[in-house]
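My entries follow the order in which I looked things up.

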Amino acid sequence: MVTETERPLRADAVRNLERIVRAAHAAFADDGPDVSLEEIARRAGVGIRTLYRHFPHKGDLVRAVLDQSVAENLTPAIERALDDENPLHGLTTLIETAVDMVAREMSTLAAAKSAGSLTPDLSATFFEALTLLVRRAQQARLLRADLVPDDLPRIMAMLTSVLWTMDPKTEGWRRYLGFLLDGLSPATASVQPAAVPVVKTPRTGNWVL
């Protein structure tokens, strides 16, 4: 049974948790992936013990930041894309949202990679939605028929790789997304070798946000 005196403490804990995650998000963006937990605690206005109580390891905090970003940005985009009457438009806007999110979260992603917090479950729902949208677009003859699910993580890896060659704020990646979408048109499709299975290795792994 929960007592009245416990409820304010839990509310305080929730507020502290939210402040810490928001402060970490801003700190990674401003100061890079190596920002200290002490600096994050200072930005959040909490003691370092409070931060460690919620996040014993930096990797836990980084993952919380990414989970929050996915929930606020990618999950609604997935829902909109799946509801789109034009599956190709839904597919395009979902890819745009994902790449834009990666561009904005590059420091956080670098911190997560260093901490070992990037796991396939982070992007599982995203790829499930992409696969469904691809299938719908192919059925509508809006997308080349030889695209298969194993192609999707590689396509996303190709798109996000260009971010390291430019200032992500320029949105220069949209040029390469345009090139890629043109290549996926059934009107210009040519016969390609069959896709090989995705091999999960420590170096490649699954493409994750």
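**Entry 1. The fold.** I start with the terms: helices and strands here are DSSP runs, helices of at least four residues and strands of at least two, numbered from the N terminus. The model is predicted, and I keep that in mind throughout. Read along the sequence, I get the pattern α-α-α-α-α-α-α-α-α. That makes 9 helices and 0 strands. The chain has 209 residues, and buried ones make up 38% of them. I also looked at contacts between residues at least 6 apart in sequence. Of these, 72% join residues at least 24 apart.

**Entry 2. The core.** Next I looked up the largest nonpolar core. I count 56 residues in it. Which residues have the most contacts inside it? They are Ile 40, Leu 61, Leu 94, Phe 126, Leu 130 and Met 156. Several helices supply at least two residues each: α1 (6-31), α2 (37-44), α4 (58-83), α5, α6 (106-115), α7, α8 and α9. The helix that gives the most is α4, with 10 residues.

**Entry 3. The cavity.** I then searched the whole structure for cavities of 30 Å³ or more. The search finds 1. About 60 Å³ of space lies in the largest cavity. Its lining is made of Leu 91, Ile 95, Leu 130, Val 134, Leu 147, Leu 152, Ile 155, Met 156, Leu 180 and Leu 184. Two or more of these residues come from each of α5 (87-104), α7 (124-139) and α8 (151-161). The largest share, 3 residues, belongs to α8. How many of the lining residues are nonpolar, polar or charged? I find 10 nonpolar, no polar and no charged residues.

**Entry 4. Aromatic pairs.** The structure holds 2 aromatic pairs. I take Phe 126 and Phe 127 to begin with. Why is this pair edge-to-face? The ring centres of Phe 126 and Phe 127 are 5.1 Å apart and the planes stand at 65°, so the pair is edge-to-face, given that the cut-off for that class is over 60 degrees. Phe 126 and Phe 127 are both buried.

The other pair is Tyr 176 with Phe 179. It is edge-to-face too, at 6.0 Å centre to centre and 75° between the planes. Both residues sit in helix α9 (residues 173-183), 3 residues apart, about one turn of the helix.

Entry 5. Arg 19 is in helix α1. Its relative accessibility is 37%, so it counts as partly exposed. Which residues does Arg 19 touch, leaving aside neighbours within four places in sequence? I find Ala 44 and Val 46. Arg 19 and Ala 44 are 25 residues apart in sequence, yet 5.3 Å apart in space, C-alpha to C-alpha. Ala 44 is one of the buried residues of α2, along with Leu 37, Glu 39, Ile 40 and Ala 41. Just after α2 comes Gly 45, with a positive phi of about 75°.

Conventions:
Residues are numbered from 1 along each chain as its sequence is written. This is a predicted model: local features need pLDDT of at least 70, side-chain atom pairs count only at pLDDT 80 or more; totals for chains, interfaces and linings use all residues. Side-chain values use heavy atoms; hydrogens and water are left out. On a 1 Å grid over the protein atoms alone, a cavity is a set of points where a 1.4 Å probe fits but cannot get out, and a pocket is an open set with protein on both sides within 12 Å along at least five of seven lines; lining residues have an atom within 4 Å of a point. Grid points are joined across faces, edges and corners, and a volume is the space filled by probe spheres set on the points. Ala, Val, Leu, Ile, Met, Phe, Trp, Tyr, Cys and Pro count as nonpolar, Asp, Glu, Lys and Arg as charged, and the others, Gly among them, as polar. Rings of Phe, Tyr and Trp (its six-membered ring) pair if their centres lie within 6.5 Å; planes under 30 degrees apart count as stacked, over 60 as edge-to-face and the rest as tilted. Buried means under 20% relative accessible area, exposed over 50%, partly exposed in between (1.4 Å probe, protein chains only). A nonpolar core is a set of buried Ala, Val, Leu, Ile, Met, Phe, Trp, Tyr and Cys residues joined through side-chain atoms within 4.5 Å. Contact means heavy atoms within 4.5 Å.
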